[in-house]
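Reader: Please take me through one part of this model at close range. I would like to know what surrounds it and what comes directly after it.

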Number of protein chains: 2
Amino acid sequence: MDGAARRGVFRTPHGRVETPAFIPVGTAGSVKGVTPEQLRRIGAQMILANTYHLQRRPTADVVRDLGGLHRFMGWDGPILTDSGGYQVFSLAKLSKLSDEGVEFRSHIDGALVRLDPYIATEVQNKLGADVIMAFDDCPPLPCDEDRLRIAVDRSVRWAAQCREAHSRGDQAMFGIVQGGLDISLRQRCAEELIKIGFDGYAIGGLSVGETHEQMAAVLGPVAASLPADRPRYLMGVGMPRDILAAVVAGVDLFDCSLPTRNGRNSWAFTADGPLKMRNEKHRLDQTPLESGCDCETCTRFSRGYIRHLFNAQEMLGPILTSIHNLRFYQRFVARIRELICEGQLARIVSEFPIAAMAAVDGTGFQPVSDTGCKPVPR
Amino acid sequence: MDGAARRGVFRTPHGRVETPAFIPVGTAGSVKGVTPEQLRRIGAQMILANTYHLQRRPTADVVRDLGGLHRFMGWDGPILTDSGGYQVFSLAKLSKLSDEGVEFRSHIDGALVRLDPYIATEVQNKLGADVIMAFDDCPPLPCDEDRLRIAVDRSVRWAAQCREAHSRGDQAMFGIVQGGLDISLRQRCAEELIKIGFDGYAIGGLSVGETHEQMAAVLGPVAASLPADRPRYLMGVGMPRDILAAVVAGVDLFDCSLPTRNGRNSWAFTADGPLKMRNEKHRLDQTPLESGCDCETCTRFSRGYIRHLFNAQEMLGPILTSIHNLRFYQRFVARIRELICEGQLARIVSEFPIAAMAAVDGTGFQPVSDTGCKPVPR
């Protein structure tokens with residue numbers, strides 16, 4: 001099962017990232033409800049922040065003037081910013097998409113905003129993350145062949161423009177492979193990006209409407225087409241089994257808002273599957289969210305208390321469940337790293353049965369989304 | 001200025017409380033947005049929880065079955081529960097008030113609920129706090145003489161019934177002095193309660209509509225009428241200058257939801273007065289909420305970042321501001337304790353000018369309430 005799974009270290013100006021790694025999402029410069037000190041104790045190595053959200057509020061100029069993203073967020077570890085491409089296509093009311101870029105209405109105030117490779121790169125240079133992303137054209141799936149081809153051509157052209165516009169030597173830049181579920185198109189995209197030359201390569205345009213099986217089928221060949229000596233990053237993914245499939249395909253980095261988003265909705269991850277913490281059955285339960293978990297939540301609080309917090313609409317319910325979920329993801333990838341070293345990755349499924357579960361299963365819990373990784377504001 | 005100010009230690013089964021002390025409010029068994037670990041680092045010595053809220057949700061039986069309030073909340077320090085009297089009169093739609101008790105509609109679901117001295121005591125015995133309060137009749141101010149006299153007579157009678165019903169030797173029980181702004185009525189109430197005999201004495205029925213000056217005028221004579229060897233507790237108070245006036249009168253314990261409630265509303269306390277953190281003027285401000293403050297928020301984040309968090313409706317805004325405000329109150333009372341020992345309490349006003357400020361002043365900030373300590377759900 002280990003397949004192309006690999007254990008690595010990615011070095012950044014703000015520290016090392018042991019891979020495979022899971023990157024919590026701090027959309028607007030904050031992992032919702034969780035302080036940087038708590039993130040550190042959770043074992044988060046790197047945080048993602050969203051260029052689109054930060055440029056809308058408070059703007060990249062303000063972040064730069066407040067000392068750059070690390071100082072702004074109070075997080076002195078590695079940070080990655082996306083390019084804004086995904087948000088433009090998922091959040092904004094598009095007004096104009098062309099080979100030059102996009103013009104759209106902000107989801108906040110309806111203001112007309114322009115994004116193109118030069119602007120996306122300049123904004124990310126100002127924000128100052130350790131890793132910045134090329135600006136890409138990210139169509140939702142399913143997607144017809146012509147549109148996919150346009151997206152790939154455009155993403156490659158834009159990637160070259162981003163590389164050219166990139167002005168800071170202390171920031172790594174990753175290119176993004178597009179191409180939907182078309183493997184040969186993705187491989188061509190990868191080749192073109194490698195010609196341009198990036199510090200790492202992301203697989204984008206997945207977890208945007210396709211099934212787990214469709215995604216898994218693409219990952220192996222695409223990861224294999226990327227340089228072995230560069231980090232590979234699957235954007236916006238996902239449920240434990242999605243991560244496992246991608247690790248087996250040879251992917252190193254993952255980000256997803258599921259641990260915090262689901263945590264706010266009272267959904268707790270455990271190795272044996274998710275729990276809905278509003279459920280009456282937890283009322284008198286003195287056990288922790290997950291026995292054996294070493295997080296602040298599980299070492300201190302009962303399921304009965306967490307259920308009460310959600311019922312009473314106390315902020316601490318979302319906070320404590322998010323902390324546990326983030327720690328769950330860190331424990332999951334930490335164990336994956338260990339098992340890769342031991343050549344025993346297949347054991348992960350018996351230790352974390354959730355890694356073989358779809359978000360919709362027979363246990364009666366209410367799934368947050370159909371696929372477990374539907375496109376959401378990252 | 002030191003007046004009757006005094007420095008003391010109050011011992012409970014879960015630890016010592018250095019007095020004067022400020023007790024953060026954890027209404028439904030959680031200090032809103034702040035974890036017990038953060039509370040410990042903030043320097044909180046004791047937490048208050050509300051009997052009324054906990055009895056409505058999840059009920060005292062559930063709290064008891066989950067191991068009692070300390071284990072339920074994950075807080076192993078001292079806890080105090082109120083009797084529910086205040087909430088009945090401030091929150092509930094009263095249906096019937098008599099010498100026997102009250103029947104009312106729950107603010108949550110409209111259910112008919114009964115509270116009387118026996119029930120309030122039994123519920124608090126089940127919850128298991130270190131300090132429990134007698135059930136009292138707490139009329140809002142202004143209040144006519146007859147109603148006040150009835151409230152005092154009833155509170156004394158109920159206090160005796162609570163004392164009699166109290167079934168746990170490990171819980172201290174405090175009586176509550178009522179009597180509005182009528183000093184002789186309050187002194188009579190105190191005398192009667194002392195005859196019954198309590199482990200400590202609270203001053204209730206203040207901060208319910210009267211001015212700071214009216215409250216301050218009552219505190220000295222009432223505190224002086226209480227035993228010197230028992231803790232004196234002013235319930236639900238308040239702004240720094242209210243606390244200072246009460247300390248000078250010889251009061252030892254205070255609780256108030258202002259630090260967290262105002263924190264959630266972007267109101268940050270500083271020694272020089274409050275800040276409204278949504279204000280545009282903080283946009284590029286790299287300084288902490290309060291320079292010299294040693295809290296997690298001030299040592300790590302800028303005003304510009306906090307403003308951004310409130311603007312972007314990030315949970316971390318309320319969380320970080322609540323943490324600072326709670327630490328501000330702990331720093332304030334810690335300094336009061338030091339200055340009492342030095343016989344220099346008057347210096348507190350130059351070190352904390354806010355202790356001489358009303359909530360409504362000329363600095364242009366938006367006050368949360370007229371008096372700074374309006375009656376709110378505790």
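Author: What covers the buried residues of helix 10 of chain A includes strand 3 (21–24), helix 9 (212–224), strand 12 (232–234), strand 13 (253–256), helix 13 (316–341) and helix 14 (348–351) of chain A. Contact here means heavy atoms within 4.5 Å, and buried means under 20% relative accessible area (1.4 Å probe, protein chains only). Helices (H or I, at least four residues) and strands (E, at least two) are DSSP runs, numbered from the N terminus.

This is a predicted model, in which local features need pLDDT of at least 70 and side-chain atom pairs count only at pLDDT 80 or more, while totals for chains, interfaces and linings use all residues. Residues are numbered from 1 along each chain as its sequence is written, chains are lettered from A and ligands numbered from 1 in the order in which they are written, and side-chain values use heavy atoms, with hydrogens and water left out.

Helix 10 spans residues 240–249 of chain A, and 8 of its 10 residues are buried. Among them are A:Arg241 and A:Asp242, along with A:Ile243, A:Leu244 and A:Val247. Just after the helix, A:Gly250 has a positive phi of about 100 degrees.

In strand 13 of chain A, A:Leu253 and A:Asp255 point one way, A:Phe254 and A:Cys256 point the other way, and all are buried. Strands pair if DSSP finds at least two bridges between them. Strand 3 of chain A runs parallel to strand 13 of chain A, joined by 4 bridges, with A:Ile23 opposite A:Asp255. Strand 12 of chain A also pairs with strand 13 of chain A in the parallel sense, over 2 bridges, and A:Leu234 stands opposite A:Phe254.

Key
Buried means under 20% relative accessible area, exposed over 50%, partly exposed in between (1.4 Å probe, protein chains only).
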